[in-house]
Amino acid sequence: MSKESQLRALVNQKLIEMGERERLKELLRARLIECGWKDQLKAHCKDVIREKDSEHVTVEDLVAEITPKGRALVPDSVKKELLQRIRAFLAQHATL
Amino acid sequence: GVPRLVEWHKQRATSGFAAPSSPNQSECSHLQKLHRGSSFSSPVVEHVSSSSSSSLKTKTSIEPKGKHGTGALDVASAMSPAACSHVNGFKVDNWKQNLRVIYRCFVWSGSAETRKRKAKSCVCHVCGAHLSRLHSCLYCVFFGCFAKKHIHEHAKSKRHNLAIDLLYGGIYCFVCQDYIYDKDMEQIAKEEQRKAWKLQGTSHLFAPAGIGERYSTWEPTKRELELLQHNPKRRRITTNCTIGLRGLINLGNTCFMNCIVQALTHTPLLRDFFLSDRHKCEMKPNSCLVCEMSQLFQEFYSGHRSPHIPFRLLHLVWTHARHLAGYEQQDAHEFLIAALDVLHRHCKGDDNGKKANNPNHCNCIIDQIFTGGLQSDVTCQVCHGVSTTIDPFWDISLDLPGSSTPFWPLSPGSDGSVVNGESQMSGATTLTDCLRRFTRPEHLGSSAKIKCSGCHSYQESTKQLTMKKLPIVACFHLKRFEHSAKLRRKITTYVSFPLELDMTPFMASSKESRMNGQYQQSMDTLNNDNKYSLFAVVNHQGTLESGHYTTFIRQHKDQWFKCDDAIITKASIKDVLDSEGYLLFYHKQFLEYE
């Protein structure tokens, strides 16, 4: 494993241990709902299901279809806020 | 399989109910408090009419006819589509407990101990990654990435066909090659998730992030499903349906009470509060006015067309507001204030109602909806020091021209332009005129000097009232009944009032900007905070000695009805706006975050 991925794993561990990962998840969820992202993606899912044969759509199909759009539609402000939160968290628990 | 899943989702979908003044309900902290949802959609409230005494107060709607047209029974069975048969191999011995352990330790890690374990051990056994949609095998201790197919390899080689997504708790079946939804397993997942949430502490942990409480969708309990099945009648709410309209029998000059009840039962937020069954009573049975109010809403939205006889309400009012007891005609405005006061006091059990005894900090539903803040600025004429107080109010009482208190002239600086689209017949007074007069600076004469803390002596001063905080429902009381020492009479001066009202010019903040020389006229249209829509008008016909109260109320967006005790008739907007007006109820158009 590269140095970077080692560091990532360590940060992730800390986030989980301190319960911060859960809080960040909830924060992200709330922000994405507020800005309408969830509704947009939901509508997109429905379109995908309608286009494909609705009897045979799997979760994987949906994931493959909506991931690029989902990633692109996340507002910069949300990314910024999460980044700030993570930075603040790391600064606080600097004994890494 | 998927078709039944789609049906299931269709039947769980909620549809919207258009409130009369259609406030923007999708983002409102008040409503968040009421509905506790981070993902908020217009609530649909539908009362299932029941033949027995058990009445069900539902919180979300169920589409009355599914594809197969059998309604509620379909919901009960379609709610739990059968999972694939491949889970049967897993559901043996002590599988439930094992599954719980997996959820508790690796998915919804609530306690610090489980979190630590999760942090350390949840990595892919093949490549060590932790972020590529990690799954855990359900048959053995193996974690593998989904994205890189490591869990798939494991499933194939070990013939372990089930895995669980560690991020969201979904169960994946490798034979079906899709996520499956097993009723029993979902039940366990939900329970463990709730337990973990509780362990993670209360919402104050999330408050700094501004999130509020966690949202969980409503699921009917066994008892509720039974009730739904035993009471199959459904009512569809369309744009023309008249649910919520019901006459009230006059019990002997009780129209003063009836007219207020009509206004209150058609106040959207109050209706939502009661139909969501949010009142938790802490009083002796049959003595709580809030419980009686709740009953009243059940009666109004029951679909019964016969007029309701509010004898219990009258009795409670007489008990708790003795000054209104007796069979004489009382003042509807007095009744409104007394009713709000008793309701506010009886809201002790609800949410933050614990602070009910402190009038400044209560958070009961009455305060949330009706309480505004009136700012009073007293300016010393000598040193120009300003002393400010803010008092709570439930209504604004406005003097009218023709009363003994002088009405004209208006404050200097009023430009007489058409504000709020009121009909400007020459000389006709408008509601805006009354409000302008209400908020004008008033010279307190030499006989009413106040002690100025700046000058340390008694000085002449001017006093001015403005709105500091606007309530969600603003009630304007036109002071038509004069009870001075010399005479008792009714002032019948016509006052024109608008359908839409902008309170911006009367705000304390607007006054401050005017004083600073900034003219905000162009900004007013952009500021939606202060825009109100009329939704109820109480009128008084007759004289002081013998008179009668009626109410116009608004249904859906543009339908008005006249409520005259037991008789409800359709009315036109013109009827409403041409009426004399005694109590005017306005509802905020846009509900914002605090």
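Q: Which residues point one way from S8(B), which point the other way, and are they buried or exposed?
A: The model is predicted: local features need pLDDT of at least 70, side-chain atom pairs count only at pLDDT 80 or more, and totals for chains, interfaces and linings use all residues. Residues are numbered from 1 along each chain as its sequence is written, chains are lettered from A and ligands numbered from 1 in the order in which they are written, and side-chain values use heavy atoms, with hydrogens and water left out. From S8(B), Gly372(B), Leu374(B), Ser376(B), Val378(B) and Cys380(B) point one way. Gly373(B), Gln375(B), Asp377(B) and Thr379(B) point the other way, and the residues of both groups are buried.

Q: How many residues of S8(B) are buried?
A: A residue is buried under 20% relative accessible area, exposed over 50% and partly exposed in between (1.4 Å probe, protein chains only). By this criterion S8(B) is mostly covered, the count of buried residues being nine of nine.

Q: Which residue is the bridge partner of Leu374(B) in S9(B)?
A: Strand S8 (residues 372-380) of chain B is joined to S9(B) by eight bridges, and the two run antiparallel. Within this pair, Gly372(B) is bridged to Phe393(B). The partner of Leu374(B) in S9(B) is Asp391(B).

Q: Which residue takes a positive phi in the hairpin of S8(B) and S9(B)?
A: Five residues lie between the strands of this hairpin. The residue with a positive phi, near 60°, is His384(B).

Q: Which residue of S15(B) is the bridge partner of Gln375(B)?
A: S8(B) is also joined by eight bridges to strand S15 (residues 461-469) of chain B, and the two run antiparallel. In S15(B), Gln375(B) is bridged to Thr466(B).

Q: What is the average twist from one strand to the next in the sheet S4-S3-S5-S6-S7 (chain B)?
A: Five strands form this open sheet, with antiparallel pairing. Strands S4 (143-145) and S7 (178-180) of chain B each have a single partner strand, so each has one side without a neighbour in the sheet. From one strand to the next, the twist averages 40°.

Q: Which residue stands opposite His135(B) in S5(B)?
A: Strand S3 (residues 134-137) and strand S5 (residues 162-165) of chain B run antiparallel and are joined by three bridges. In S5(B), the residue opposite His135(B) is Asp165(B).

Q: What angle does the direction of helix H4 of chain B make with that of S5(B)?
A: Helix H4 (residues 95-107) of chain B packs on the sheet and touches S4, S5 and strand S6 (171-173) of chain B; contact means heavy atoms within 4.5 Å. Axes are lines fitted to C-alpha atoms, for helices over the stretch in contact, and angles run from 0 to 180 degrees between N-to-C directions. With the direction of S5(B), that of H4(B) makes about 40°.

Q: How are H9(B) and H11(B) oriented to each other?
A: Helix H9 (residues 255-265) and helix H11 (residues 289-300) of chain B pack at about 75°, with their axes 11 Å apart. Angles under 35 degrees count as roughly parallel, over 145 as roughly antiparallel, 65 to 115 as roughly perpendicular and the rest as oblique. H9(B) and H11(B) are therefore roughly perpendicular.

Q: How do the residues of the contact of H9(B) with H11(B) divide by class?
A: Val261(B), Gln262(B), Leu264(B) and Thr265(B) in H9(B) meet Met293(B), Leu296(B), Phe297(B) and Phe300(B) in H11(B). Ala, Val, Leu, Ile, Met, Phe, Trp, Tyr, Cys and Pro count as nonpolar, Asp, Glu, Lys and Arg as charged, and the others, Gly among them, as polar. The contact divides into six nonpolar, two polar and no charged residues.

Q: Which residues of H13(B) make the contact with H11(B)?
A: H11(B) and helix H13 (residues 332-346) of chain B pack at about 110°, with their axes 8 Å apart. On H11(B), the contact is made by Leu289(B), Val290(B) and Met293(B). On H13(B), it is made by Ala339(B), Val342(B), Leu343(B) and His346(B).

Key: Pairing = 2+ DSSP bridges. Helix = DSSP H or I, 4+ residues; strand = E, 2+ residues; numbered from the N terminus.
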